[in-house]
Amino acid sequence: MSNRITMDTIVSLCKRRGFLFPSSDIYGGLASAWDYGPLGVELKRNVKAAWWKSVVHSRDDMVGLDASILMHPMTWQASGHTENFTDILVDCKNCKKRFRKDHVGKNCPSCGKSDFTEGRAFNLMLKTFLGAVEDDSSVVYLRPETAQGIFVNFANVVETARKKLPFGIAQIGKAFRNEITPSNFIFRTREFEQMEIEYFTRPEEAEACHKEWIETRYNWYLDLGIKKEKLHLRPHAEDELAHYAKGCTDIEYEFPFGMSELEGIANRGDFDLKQHAQFSGKNLKYKDKVTQEEFYPYVIEPSGGVDRGTLAFLTDAYHQEEVKGEKRVVLRLHKQLAPNKVAVLPLLKKNNDIVTMAKALKNDILKLYPCVYDDTASIGKLYRRQDEVGTFFCVTVDVQSLEDQQVTVRDRDTMKQERIATAQLIGYLKERLD
Ligand code: GAP
């Protein structure tokens, strides 16, 4: 059976099984806004936890931060967002529809005519007002990236965490952009989450450090199971680079709608700290305690999207195959990412002894791993249900279990079944899941 999938397949699985729902669904939804359901929220939390473990908890040169979404408006002047964070838009004079200039060819995608207005810059930052008065003095922006929260805290972190170069600050959080053409499910939305690192280094070490981060981040996706042939590194051409960047390489994934950016890893030079020093009047240079030398560090920025990552893991894990003449859909999610690690299934839901034993096992497993109990269908259906959401192991309790204190453990990927003594079950799971 072919494993070619479309976005519709993924969207439909996500809705059917509670990974994602349209936002405000009962009111007809809100364009490009999505809610993570019971399984989706677990998957997304696991993606973020795997990232945090890899870039913060496993390293002694990194610390974390959780800056606020609303920041002083000067932040965005210093960063260049007020002036430069724009898309150029054109209006079709015939049908009055508005498009991103770089997304339309000669003819209007809606009416086919070729009569556009001149391009006009449209700022992508979402505005709101702080306090009771809605005037120019109370305007603030919902941050369009988490990065600036890190730069404005650079001096605070250096002082309190006593970090020496090279070191980095990691942050996960929401960002907002008034995208003109949100598209492809959770790939491009107006509200999304980023996982960003600003890694500070001596200027002369920046290039080597940039290469290291590209490799580290590329391997992170591979280690979590993304297929190598679907993952690409794309260095930016000179004319593509943001005004501040000295170099940038994107990690791209081959989504059903084409090869698209998952994460960008940029060498931002000393642009950001210099800008914030100038606009705030604060000294944001780094002082080497040994040599007393003072300078602006260079910054390497691996900047990824949580939602894009989650979509890539979901898409990559999706497999359909034929088993005994029937279609089996299985999400081969990495064990760190699977929302549920174990499901306990009683073979006969009307047998009280089986149910009692199964529920007791489920409670034991729950102390260590996310585990569900399900008795609402036949065993074949229950297995398929768990396969479809990526549950690693199914543990089945049957009549024989009551006599020999053994259960059947079924592996999601191989579908192999083993009889395991209940006394050894936790050890068996630990060996395979930890
Ligand atoms: N601080 C650098 C920065 O924000 P970016 O390339 O604009 O760089 C980084 O964004 C990452 O954030 C992207 O690689 C993508 O994964 C995610 N991202 C950006 N815009 C997004 C959107 N509208 N919807 C979902 N994810 C988005």
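1. Contact here means heavy atoms within 4.5 Å, and helices (H or I, at least four residues) and strands (E, at least two) are DSSP runs numbered from the N terminus. In those terms, the buried residues of helix 8 pack against helix 3 (74-79), helix 5 (147-151), helix 6 (154-161), strand 10 and strand 13. The residues concerned are Phe271, Asp272, Leu273, Gln275, His276 and Ala277, where buried means under 20% relative accessible area, exposed over 50%, and partly exposed in between (1.4 Å probe, protein chains only). Gly281, which follows helix 8, has a positive phi near 75°.

2. The model is a predicted one, in which local features need pLDDT of at least 70 and side-chain atom pairs count only at pLDDT 80 or more, while totals for chains, interfaces and linings use all residues. Residues are numbered from 1 along each chain as its sequence is written, and side-chain values use heavy atoms, with hydrogens and water left out.

3. An open sheet of 7 strands runs in the order 3-9-10-16-13-12-11 with mixed pairing, two strands being paired if DSSP finds at least two bridges between them. Strand 3 (62-65) and strand 11 (231-235) each have a single partner strand and stand at the edges, so one side of each is left without a neighbour in the sheet. From one strand to the next the twist averages 20°; axes are lines fitted to C-alpha atoms, for helices over the stretch in contact, and angles run from 0 to 180 degrees between N-to-C directions.

4. Within this sheet, strand 12 and strand 13 run antiparallel and are joined by 9 bridges, and Cys248 has Ala266 of strand 13 as its bridge partner. Helix 7 (residues 206-223) packs on the sheet, touching strand 3, strand 10, strand 11, strand 12, strand 13 and strand 16, and its direction makes about 150° with that of strand 13. Helix 6 lies across strand 3, strand 9 (167-176) and strand 10, and runs at about 135° to strand 9.

5. The largest pocket holds about 1500 Å³ of space. On a 1 Å grid over the protein atoms alone, a pocket is an open set of points, where a 1.4 Å probe fits, with protein on both sides within 12 Å along at least five of seven lines, and lining residues have an atom within 4 Å of a point. Of the 49 lining residues, Phe85, Arg177, His236, Tyr244 and Glu261 are the closest to the centre. Strand 13 gives the largest share of the lining, 9 residues, and by class the lining has 15 nonpolar, 14 polar and 20 charged residues.

6. Leu165 and Pro166 are joined by a cis peptide bond with omega about -10°, and Pro166 is placed in the loop between helix 6 and strand 9. In the loop between strand 1 (20-22) and strand 2 (34-36) is Ser24, whose phi is positive, near 50°; Ser24 is partly exposed, with a relative accessible area of 34%. Ser32 is found in the loop between strand 1 and strand 2 and has a positive phi of about 65°, but Ser32 is buried, with a relative accessible area of 18%.

7. Strand 17 (residues 318-323) and strand 18 (residues 326-331) pair in the antiparallel sense over 6 bridges, with Glu326 in strand 18 as the bridge partner of Val323. The two strands form a hairpin with 2 residues between them, and Lys324 in the turn has a positive phi of about 50°. Strand 17 is mostly covered, 5 of its 6 residues being buried.

Note on methods: Grid points are joined across faces, edges and corners, and a volume is the space filled by probe spheres set on the points. Ala, Val, Leu, Ile, Met, Phe, Trp, Tyr, Cys and Pro count as nonpolar, Asp, Glu, Lys and Arg as charged, and the others, Gly among them, as polar.
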